[in-house]
Amino acid sequence: MITLSIMLATIIQALDGTIANVALPHMQGSLSASQDQITWVLTSFIVAAAIATPLTGWLCDRYGQKNIFLTAVAGFTAASVLCGLSASLGQIVAARLLQGVFGAALVPLSQAVLLDINPREKHGSAMAVWGMGVMIGPILGPTLGGWLTDSYNWRWVFFINVPVGALAFYGIWKYIRPSPAARRMAFDGFGFATLSLAIGALQMLLDRGEQNDWFAATETWVEAIVLALSFAYFAAHTALRPAGQTFFNYRLLKNANYASGLLFIFIVGMVLYATRALTPTMLQGLMAYPAAMAGLVTAPSGLGTMFAMLVVGRLVGRFDLRLLLGTGFAITALSLWWMSGYTLVLSRGDIVWPGVVQGLGLGLVFVPLSTATFATLSPEMRAEGTAIYSLVRNIGSSIGIALVQTLLVRNTQTMHATLAEKVTYGNPGLLDSPVYNLATPEAATALNNEITRQASMIAYVDDFWLMMVLTLLVIPLLLLIRPPAKPAAAAPTPAPDHAAPE
């Protein structure tokens, strides 16, 4: 019951990162907002969640894990209601900020509780369950959001969280015992403020950079300067004070497995979310897929992820974690190589099967990686450790999405210019074409549109190649991970005090 309750909380938070994307055009008309303004519905949630995530560890130490979990679920559910009831852009942006603040703790706390209530030999299976909630949410979000928007209206994208949040709240309140006495740690206000400024500036820069033409805009320069100064102050402040008196416990980075795990989850975040962001826009923009159909053909990748996680949960502990991780990264690279052969003529199977294979690969990566990252971390550091782990994954996804979108726009422009050079009156293929004969303005417009489609397809293929190369480059780094020692069979694992069924 504990597992079910906390996974419900995880799923609604993971879902809300993407479920609102397909509803933005409907919100834009309903709230009388411009295309530039409506993107704040997404940006506000991302930035608020990123800033609040590092606070999870300190809040749990100060007020207790169960209390923070209940507050986060209740606040997230209430904020969802406010989002659905919003009558103006300002109201929904404010409600999404609240959603991000309260929802930030849900994913790291669910991971920490699952590690706490399971003995070490079952950590692989526990991380498989947790990983399904974290990874299925972003995959199913656009499909579910499209169906709710088309069948009802965009407000149900948020109202759907209410019954799920209520069940999660009841389960956590009923089945998780109160945490032991809190340590009443002092709050490092300067450390939190500088880290929050740095994270907020980074997220704003990544989310709005392409829209602002990057450093051609004053806004981007301001965000970059704030990021650099804030992070420099945070790093110096943390390094010069004792570990117990800083907001971020830098002793976490002295754990080799944990530090390596942060590097790998950063790469996984880049590859997973960047690819997820590319495929639907490619299908809808170049192949005229409706939003619902684009969601349906990309959703089967979630089935591959679920199957891989169910299997690999049983393999963790029997095989070297590095072997499982290497296999997962290799399968992911294979799927991206498959996608790099995409053209403008694709059947639905050409889209579904590479997605399923990629889901298998990412499922094989996610579970062993989570297990290895926390295998040697002491239990009292898990709340803060899982919060930083989730933060790094989210930053990786933001950087990955910003990178592929920027390359997509610029490579499209470059390839359009290259292809247009071949368009001349002396080209025999154009002279003989009944559709693209340059003698009429209509034919010239049709030809330009086709060149743009071809250039965009080449740019998408370049992005898939880049993701494949990044995935292959990370495989040799697996040697940095030390396999955790197997626990002694004779030593019973004591039940935790703060997360146990009644």
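Alanine 288 is exposed, with a relative accessible area of 65%. This residue sits in the loop between α14 and α15 (291-298). The model is predicted. The protein has 21 helices and zero strands. Of its 502 residues, 53% are buried. Among contacts with a separation of 6 or more, 83% join residues 24 or more positions apart.

**Backbone at alanine 288**

- The phi of alanine 288 is near 60°, which is a positive value in a residue other than glycine.
- Most residues other than glycine have a negative phi.

**Nonpolar cores**

- The largest nonpolar core holds 109 residues.
- Phe69, Trp130, Met282 and Met457 have the most contacts inside this core.
- Helix α14 (residues 256-286) gives the most to this core, with 14 residues.
- Another core, of 20 residues, lies apart from the largest one. Its members include Ile19, Ala23, Ile92 and Leu148.
- Which residues does phenylalanine 69 contact, leaving aside its neighbours within four places in sequence? They are Ile6, Ala9, Leu106, Leu109, Ser110, Val113 and Ile172.

**Helix α11**

- Helix α11 covers residues 161-175, 15 residues in total.
- From its first C-alpha to its last, α11 reaches 21 Å, close to the 21 Å expected at 1.5 Å a residue.
- Asn161, Gly165, Ala168, Gly171 and Ile172 are the buried residues of α11.
- Seen down the axis of α11, these buried residues fall within an arc of 130°, so they line one face of the helix.
- The face turned away from the buried side of α11 carries the exposed residues Leu167 and Trp173.
- What do the buried residues of α11 pack against? Their partners are α1 (2-16), α6 (65-85), α7 (89-103) and α10 (156-159).
- Ile172, one of the buried residues of α11, is also among the contacts of phenylalanine 69.

**Helix α17**

- Helix α17 (residues 321-339) has 19 residues, which should span 27 Å at 1.5 Å a residue. Its end C-alpha atoms are 27 Å apart, in agreement.
- The buried residues of α17 include Leu321, Leu324, Leu325, Gly326, Gly328 and Phe329. Thr332, Ala333, Ser335, Leu336 and Met339 of α17 are buried too.
- The buried residues of α17 pack against α14, α16 (300-315), α18 (348-374) and α21.

**Glycine 137**

- Glycine 137 is found in helix α9 (residues 123-151).
- Is glycine 137 buried or exposed? Glycine 137 is buried, with a relative accessible area of 3%.
- Glycine 137 and threonine 18 are 119 residues apart along the chain, yet their C-alpha atoms are separated by 8.0 Å.
- Not counting residues up to four places away in sequence, glycine 137 touches Ala14, Leu15, Thr18 and Met132.

**Salt bridges**

- How many salt bridges does a search of the whole structure find? The search finds two.
- Side chains of opposite charge can pair when their charged atoms come close.
- Aspartate 320 is partly exposed, at a relative accessible area of 30%. Arginine 322 is also partly exposed, at 28% relative accessibility.
- In the other salt bridge, the side chains of arginine 453 and glutamate 450 meet at 3.0 Å, N to O.
- Arginine 453 and glutamate 450 are three residues apart in helix α21 (residues 441-474), so about one helical turn separates them.
- An α-helix has 3.6 residues a turn, so residues three or four places apart point the same way.
- Arginine 453 is partly exposed, with a relative accessible area of 28%. Glutamate 450 counts as buried, because its 18% relative accessibility is under the 20% cut-off.

**Cysteines**

- The disulfide count comes to zero.
- Cysteine 60 is buried, at 9% relative accessibility.
- Cysteine 83 is buried as well, at 0% relative accessibility.

Definitions and conventions:
Residues numbered from 1 in each chain as written. Predicted model: local features only at pLDDT ≥ 70, side-chain atom pairs only at ≥ 80, totals over all residues. Heavy atoms only, no water. Salt bridge = Lys/Arg side-chain N within 4 Å of Asp/Glu carboxyl O. Buried < 20%, exposed > 50% of the residue type's maximum accessible area, 1.4 Å probe, protein only. Helix = DSSP H or I, 4+ residues; strand = E, 2+ residues; numbered from the N terminus. Expected span 1.5 Å × (residues − 1). Arc of directions from axis to C-beta. Contact = heavy atoms within 4.5 Å. Core = buried A, V, L, I, M, F, W, Y, C linked by side-chain atoms within 4.5 Å. Disulfide = S-S within 2.5 Å.
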